[in-house]
Amino acid sequence: MKPKYLKPFVFLACLVPLGRLGWKALNAGLGANPIQVITWSTGTWTLVFLMVTLSITPVRKLTRQYWLIQFRRMFGLFAFFYVCLHFTTYIWLDQFFDWHSMMKDIAKRPFITVGFTAFVLLIPLALTSTQASIRRLGKRWQMIHRLIYLTAVLGVIHYIWLVKADIRKPVIYAMILSLLLAYRIVVWAWARFAAPSTAQAASIGRRSIPAD
Amino acid sequence: MLIKKPADIPAAEITPKHLYLNRRNFLLGAGAIAGAALAGSKIGQIVAPSSTVLAGTKLEASPSSFSTTEKQTPFNDITHYNNYYEFSTDKYEPADLAKNFNTRPWTIKVEGLVNKPKTFDIDTLLKMHLEDRIYRMRCVEGWSMVIPWVGFPLSSLLSQVEPNSKAKFVEFTTLYDPKRYPGQQRNVLEWPYVEGLRMDEAMHPLTILAVGLYGETLPNQDGAPIRLVVPWKYGFKGIKAIVKIKLVEHQPTSTWTKAAPNEYGFYSNVNPNVDHPRWSQAKERRIGEFLKRPTLMFNGYGDQVASLYAGMDLKKNF
């Protein structure tokens, strides 16, 4: 099903956005306001990787390509990687370590407050992404990692709140996220109310869920 | 003893303009050729930017004591980083989208509470006494430039139509033509774009109608053929491609005020102490500089304009 070199290939592909940014930076291709371009690009790719991470479960179940689960952690960690770059751009290139101004930003600017919260909520997920953590934490692991839903919602709100008037792009992310979350709600509702035996439905992890 | 330092020689006087404006294209072109040779492909077409059409006509202008001596923002940045929502909400797009925007014929109707309403042809206005005005421009988004405009005081146009005593405000309107303005096909703002000034602001000698940039006629993406420049206010007050100027009794509602009344006020004077509700206005990034610099009250034009707002609460009248 899965070619041997797929994983390293996907890993490298996830680095393409960073490579592209670096190439542009070295070739004066970032335009009049390079710091803003870097901020926007790393922020956008964080959102993309969050959405891709959240798509793994629906896609693997709907298409029965269960092996896709191997990529979920990688995509999640790339979301964290890009948000780290995004946050570093903010504190270093944008604010240049003006802690006072950043504290004020985080406290006073709603879009920065939610963006910062979304970032902080991803930290425990990245820290507990190892195989050992999954084993050690058991059922609590899943509870902790459900924080990604909150991070994704806050991330999209962060985007919507920062644009001046044209909300087309953030709305696209909001729609994709709504779809991904709606899938979870349907699955949950199905297991809870419609399935012949709730206990059975809950226990069969790889049970395929009707698409409607 | 006074040793007088000679004025810095502007780059424009050393290198012919068409060469220094195209230096990036030259480098990119050289790189593209090398790249294409290496890859044997059409890389050149992918990496080389669309060539800038410089339809600029040289303008005769005299210097002005209102000009700043600060380092001017490169022509390429002023023409490739534009908030011009009639073309696109993406600042990098108007340069390309405005390429074929036709600014002839073009007239500006000046009407309302005036004794002599008149319609001016743009080519008549280009023959007015023009001045170089090198101004700071502070965008409400937190970045700034130093722009060498060419233009004339708005007051010299208004005096020709003789505003009457009832006229308290001036209302400006941009062209409305969704066929030529792709951005006007969507209601991201209420079209056409409208801006306003109080009469004393409009008559202030710093307030100009700009018809040129870097000594030539305005590039389309910067508001050709004629735009407003009010250097102590946020950039969006500088309405572009003006077709109508109306003298009115009541305060006009600006387009951005309509879009978000709590974020963009009528005055919109540059003020580091009054933050935008969503971001700080204390600092700005001058395009081309790495570190942010503090934003100055009235964008550094306080000596000339602070008296216009004496006794006003600028937190309320933002």
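Predicted model: local features only at pLDDT ≥ 70, side-chain atom pairs only at ≥ 80, totals over all residues.
Chain B has a secondary structure of eleven helices and twelve strands, and of its 318 residues 37% are buried. Contacts in this chain reach across the sequence: taking those between residues at least 6 apart, 67% join residues at least 24 apart. In soluble globular proteins, nonpolar side chains tend to be buried together. The largest nonpolar core of the model has 62 residues, and the residues with the most contacts inside it are B:Trp149, B:Leu209, B:Ala210 and B:Ile242. Strand E4 of chain B, residues 143-153, supplies the largest share of this core, namely six residues. Around B:Trp149, once its neighbours within four places in sequence are set aside, the contacts are with B:Arg133, B:Tyr135, B:Ile208, B:Ala210, B:Gly212, B:Leu213 and B:Val229. Apart from this core lies another, of 23 residues, which includes A:Cys14, A:Phe78, A:Ala79 and A:Tyr82.

In the loop between strand E5 (169-174) and strand E6 (194-198), where B:Pro192 is found, the peptide bond from B:Trp191 to B:Pro192 is cis, with omega near -5°. A cis peptide bond also joins B:Ala224 and B:Pro225, here with omega about 5°, and B:Pro225 has its place in the loop between strand E8 (216-217) and strand E9 (227-229). The loop between strand E7 (208-213) and E8 holds B:Tyr214, a residue that is not a glycine and yet has a positive phi of about 50°. Is B:Tyr214 buried or exposed? B:Tyr214 is buried, because 22 other C-beta atoms lie within 10 Å, and the cut-off for that class is 20 or more.

In chain A, the packing of two helices can be followed in some detail. Two packed helices are described by the angle between their axes and the distance between the axes. For helix H3 (residues 34-62) and helix H9 (residues 147-162) of chain A, the axes come within 10 Å and cross at roughly 145°, and the crossing is left-handed. On the side of H3(A) the contact is made by A:Thr46, A:Leu47, A:Leu50, A:Thr53 and A:Leu54, while H9(A) contributes A:Ile148, A:Thr151, A:Ala152, A:Gly155, A:Val156 and A:Tyr159. By class, the residues of this contact comprise seven nonpolar, four polar and no charged.

Helix H4 of chain A, residues 72-94, contains A:Phe81, whose C-alpha atom is separated by 9.3 Å from that of A:Thr42, a residue 39 places away along the chain. A:Phe81 counts as partly exposed because it has 18 C-beta neighbours inside 10 Å. In the loop between H4 and helix H5 (99-108) of chain A lies A:Phe96, which has a positive phi of about 45° although it is not a glycine. With 13 C-beta neighbours inside 10 Å, A:Phe96 likewise counts as partly exposed, since a residue would need 12 or fewer to be classed as exposed.

It remains to describe how the chains meet. The contact between them involves 13 residues of chain A and 16 residues of chain B. On the side of chain A that touches chain B, the residues divide into seven nonpolar, three polar and three charged.

Key: Residues numbered from 1 in each chain as written. Chains lettered and ligands numbered in written order. Axes fitted to C-alpha atoms, helices over the stretch in contact; angles between N-to-C directions. Helix = DSSP H or I, 4+ residues; strand = E, 2+ residues; numbered from the N terminus. Left-handed = near helix turned anticlockwise from the far one by under 90°. Contact = placed C-beta atoms within 7 Å. Nonpolar A, V, L, I, M, F, W, Y, C, P; charged D, E, K, R; others polar. Core = buried A, V, L, I, M, F, W, Y, C linked by C-beta atoms within 7 Å.
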